[in-house]
Amino acid sequence: MSRTTAFLGLGAMGWPMAAQLARHAGETGGRALVWNRTREKADAHAREFGSEAAELPEVTGANVIFSCLPTSAEVDEVLTALAGQLRPGTVWVDCTSGRPDAARRQAAGLAASGVAFLDAPVSGGPGGAQAGTLAVMVGGDAAVLERVRGDLAFAGKVVHVGETGSGFAVKAINNTLMAVNMWAAGEGLAALARTGVDLHAALEVINAGSGRSYPTETLIPQRVLTREFPLTFQLGLLAKDAGIAAEVVQGAGASAPVLMQVAALYRAAAHTVGAEADYSAALKLVEQLNGTEIK
Ligand code: NDP
């Protein structure tokens, strides 16, 4: 039976994720609808990938509705706009990096209309979406995931991590671990720069040693040392993720001073460097604190 998917939110992530859905629909005889607040992007997506640009009410005809918006607040806005129009049996897959408490509330609200909800945030960036290799962490009913697993054409790895909200919790912790690594690497490199060490040489050997991480291997060499800071993921969104991680820590009654501290540091970086800068530009605050550049 041919499937219809709908994708809401054609941003840095949604654009290439929805392109994968369009490719999959082309291969399987299905349909891939796309909706974006700014309609022109949906029209451009349809021209480029063969998806179908839709008005918001039209997405209710899909078997599976994906959303990938900045925060759970924008997902709430779209859900409110669609209230009473969704069909029973539909599965809503929210790929936003959202809040666990919002997921629980949204899932309960949708269940009343016979619509299932999965929180299914992704990791791997726009490049991973283009390659169809995103890691997806899914919270919600495992049986519902099996109903839609074949529709996740942008995924390289899909893992069910627990009940509703668990996917968002894991995603927040995942990104905060990356943020910890990036901040710590920035501090270490700023200290080395002040002692006159060549940072390219330092990173070459750190990356052959036990101090290596995704930021030392990829982010810092490609974005910070080059002074390019190309925008793929907004610093404000990473600060949001670290804030969600801090809420997860508090909600769990856990003791996580490093994670809490890093949430505050990225909030400060978003305020000083700019929420719309690329996330790697957080290290400009480390540079200010040290009176040196990481280059
Ligand atoms: P972008 O800022 O690039 O895109 C945001 C999208 O949301 C746009 O399509 C925008 O529409 C839409 N939007 C914004 N506000 C509203 C609103 N009030 N109502 C409806 N639509 C709205 O964000 P990203 O794609 O980078 O991020 C999306 C989510 O994915 C976030 O939760 C982020 O944390 C997460 N994420 C991002 C990654 C990345 O590398 N960028 C990696 C993994 C997860 P419009 O075109 O009209 O502005």
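1. V161 is partly exposed, with a relative accessible area of 33%, where "buried" stands for under 20% relative accessible area, "exposed" for over 50% and "partly exposed" for what lies in between, using a 1.4 Å probe and protein chains only. V161 belongs to strand β9, residues 155–162, and together with V159 and V170 it makes a nonpolar surface patch of about 180 Å². Such patches are built from residues with over 30% relative accessible area and no salt bridge, nonpolar side chains (Val, Leu, Ile, Met, Phe, Trp, Tyr) being joined within 5 Å and like charges within 9 Å; the areas come from the Shrake-Rupley method with a 1.4 Å probe, and for residues only the protein chains shown count as cover.

2. Please keep in mind that this is a predicted model, in which local features need pLDDT of at least 70 and side-chain atom pairs count only at pLDDT 80 or more, while totals for chains, interfaces and linings use all residues. Residues are numbered from 1 along each chain as its sequence is written, and side-chain values use heavy atoms, with hydrogens and water left out.

3. The structure holds five aromatic pairs, a pair being two rings of Phe, Tyr or Trp (its six-membered ring) with centres within 6.5 Å, called stacked if the planes are under 30 degrees apart, edge-to-face if over 60 and tilted for the rest. One of them is the stacked pair of F7 and F66, at 6.0 Å centre to centre and with 15° between the planes. Because F7 lies in strand β1 (residues 4–8) and F66 in strand β4 (residues 64–67), this pair ties together parts that are 59 residues apart in sequence; helices (H or I, at least four residues) and strands (E, at least two) are DSSP runs numbered from the N terminus.

4. In helix α3 (residues 72–81), the buried residues are S72, V75, V78 and L79. Seen down the axis of α3, these buried residues fall within an arc of 115°, so they line one face of the helix, the arc being that of the directions from the helix axis to the C-beta atoms. An α-helix has 3.6 residues a turn, so residues three or four places apart point the same way. On the other side of α3, E77 and T80 are exposed.

5. The loop between α9 (214–224) and α10 (235–251) contains R227, which has a positive phi of about 60° although it is not a glycine. F229 is placed in the loop between α9 and α10 as well, and its phi, near 45°, is also positive in a residue other than glycine. R227 is partly exposed at 27% relative accessibility, whereas F229, at 12%, counts as buried. The charged end of K284 sits over the ring of F229, 4.4 Å from its centre, a description that requires NZ of Lys or CZ of Arg within 6 Å of the ring centre and within 35 degrees of the ring normal.

6. The count of salt bridges comes to 15, each being a side-chain nitrogen of Lys or Arg within 4 Å of a carboxyl oxygen of Asp or Glu. E52 and R31 form one, with the closest N and O atoms 2.7 Å apart; since E52 lies in strand β3 (residues 52–53) and R31 in strand β2 (residues 31–35), the pair ties together parts that are 21 residues apart in sequence. E293 and K295 also meet in a salt bridge, at 3.2 Å from N to O, and salt bridges that share partners join R227, E287, E293 and K295 into one network.
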